[in-house]
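Please keep the sequence and the model side by side as you read.

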Amino acid sequence: MTNDNQFQSGRPVVFRNGLVLTMDDGHRALRNSDVLVQGERIAEVGPNLSVPDATIEIDASDGIVMPGMIDTHRHMWQTVMRGYGADWTLTQYFVWYYLQWGKVFRPQDIFAGNVLSAIESLDAGVTTTVDWSHGLQTVEHADAAVDALQSIPGRFVLAYGNLQQGPWEWSTKPEFRDFIVRRMQGGGDMLGFQMAFDVPDSDEFPERAAFEVARELDVAVTSHVGVRGATTDKGIRAMHENGFMTPRNVYVHAASLSDDCYQRIAATGGSVSVSTESEQSAGQGYPPTWRLRQHGIPVSLSMDTSVWWSGDLFSAMRATLSADRSREHLEAHGRDETVTHHHLRAERVVAWATRGGSQALGLDTIVGSLEPGKKADVVLIKNDSGPAMYPLLNPYGHVVFQAQRGDVHTVIVNGRVVKFAHQLVGVDLSKARQAVDQTVEYLQNTLGEEAWVEGMHPEIPEAKVLDNPYTYTYTAGR
Ligand SMILES: [Zn+2]
């Protein structure tokens, strides 16, 4: 029997003898324990569970069973350009997407990127992904984005945006409202909705109109804020003074704000989506968890875009814990002090990658932890063919610093097995790749070879090696 047939039967599934990180409020870590999935939900968690007849048993021994991870900000449409901008700064990204080439993307290109990105999420154990979709220059593009998300059995949130227009333009059009009625209402908890737009510095605050639409539609808003040189304190103050900061707001990056603005975020109950790999490379500001912790601001994690970075939250967790500690050491060394005990622990970062996301998205009663009654979004990290998953001593540390997406053995979303024994189940990757090939070919033709190559290889500024008063004196044979 193939994997596909076995798992399409609707039979219950039990993970046996795993190290279960429940990520419940008590953060219970249960060794030699089971997780039983029945229908769409988690039925039971504990040792030696008795299960219904015909339950499919998955051996989770020497593995970690944890909630599916949640990415609160990913420009999924950009996955067709995977790795293209590895050497970009934010400036080059803005020029390429906002000024030059973002407008040439057709609906089928949005579709192709979203499908590949959605598959990538499942493969890496990311069971909920926010599609921060700012390439929706027409409603046809938005339809293509949703078609893609609905074709892959993951949990998604469409964050609707359009970098070709001001949010006060696209959000007030009748076809935008019509789209919500047609595509987003009654979608259940597999496809959520947000509005995605930023508030760059200006005195007029034209984004007011878009915030008013969001308020009227009762939709959460997600915004890139604290992006050095683009969205600064001024935008936060405009949002706050006009009453548009609520507990449902998700602030992406928030990497270069003043204490005053962190206080406004903390006081209004919103959360920050931290994309550490992005902030380290692109230049929004220093990855902000070390400051968010000081202000008690809730954190979730995100990957931003695969134009540069990886699409898995193991990388996000690792980069985030490392950047936070790096900063703590740096600040201490500046005071001629030594850090003897880290403040930030691996356990908390695993919570950011799971509960942090479910809380940020208002989905915390549905997913984010392994508790009976919640929807079954479950990941088994296990790899018996390599050395890195053994021994399992410190499970949170293992998830953050040892595991990687190749170790994701089984993934369940909404009770459905979508990956088993390191193989995707019921997902047509070759079809997804063909669609991406067509988009890449179209883009290469549209840009022409010169622009295509130039875009991938920004100029390197001149660098001078420092003078060295010492000279090389080693002589062989002496
Ligand atoms: Zn972004």
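This is a predicted model: local features need pLDDT of at least 70, side-chain atom pairs count only at pLDDT 80 or more; totals for chains, interfaces and linings use all residues.

Along the sequence, the residues that donate to the zinc ion follow the spacing H-x1-H-x148-H-x79-D.

Looking at the site itself, the protein donors of the zinc ion are the NE2 atoms of H73, H75 and H224 together with OD of D304, and they lie 2.1 to 2.4 Å from the ion. The four donor atoms subtend angles of 83 to 172° around the zinc ion, and the arrangement is therefore irregular. For four donors to count as tetrahedral, all angles would have to lie between 85 and 135 degrees. H224 counts as buried because its relative accessible area is 9%, and D304, at 6% relative accessibility, is likewise classed as buried.

On the side of α12 the contact is made by F314, M317, R318, L321, S322 and R325, and on the side of α15 by V399, V400, F401 and Q402. Sorted by class, this contact has six nonpolar, two polar and two charged residues. In an α-helix there are 3.6 residues a turn, so residues three or four places apart point the same way.

How much of α15 is buried? Six of its eight residues are, so that helix α15 is largely enclosed by the rest of the structure. The buried residues are P395, Y396, G397, H398, V399 and V400, and what covers them includes α12, α13 (346-353) and the strands β1 (13-21), β2 (29-38), β5 (64-67) and β14 (378-381).

Finally, we turn to A451, which is found in helix α17 (residues 449-456). With a relative accessible area of 22%, A451 is partly exposed, since buried would require a value under 20%. Leaving aside neighbours within four places in sequence, A451 is in contact with Y84 and W101, whereas R248, 203 residues away in sequence, is 41 Å from A451 in space, C-alpha to C-alpha.

Conventions:
Residues are numbered from 1 along each chain as its sequence is written. Side-chain values use heavy atoms; hydrogens and water are left out. Contact means heavy atoms within 4.5 Å. Helices (H or I, at least four residues) and strands (E, at least two) are DSSP runs, numbered from the N terminus. Ala, Val, Leu, Ile, Met, Phe, Trp, Tyr, Cys and Pro count as nonpolar, Asp, Glu, Lys and Arg as charged, and the others, Gly among them, as polar. Donors are N, O and S atoms within 2.8 Å of the metal (3.2 Å for Na, K and Ca); water is not among the atoms, so sites may look incomplete. Four donors count as tetrahedral if all angles lie between 85 and 135 degrees; four count as square planar and six as octahedral if opposite donors are over 155 degrees apart and all others between 65 and 115; anything else is irregular. Buried means under 20% relative accessible area, exposed over 50%, partly exposed in between (1.4 Å probe, protein chains only).
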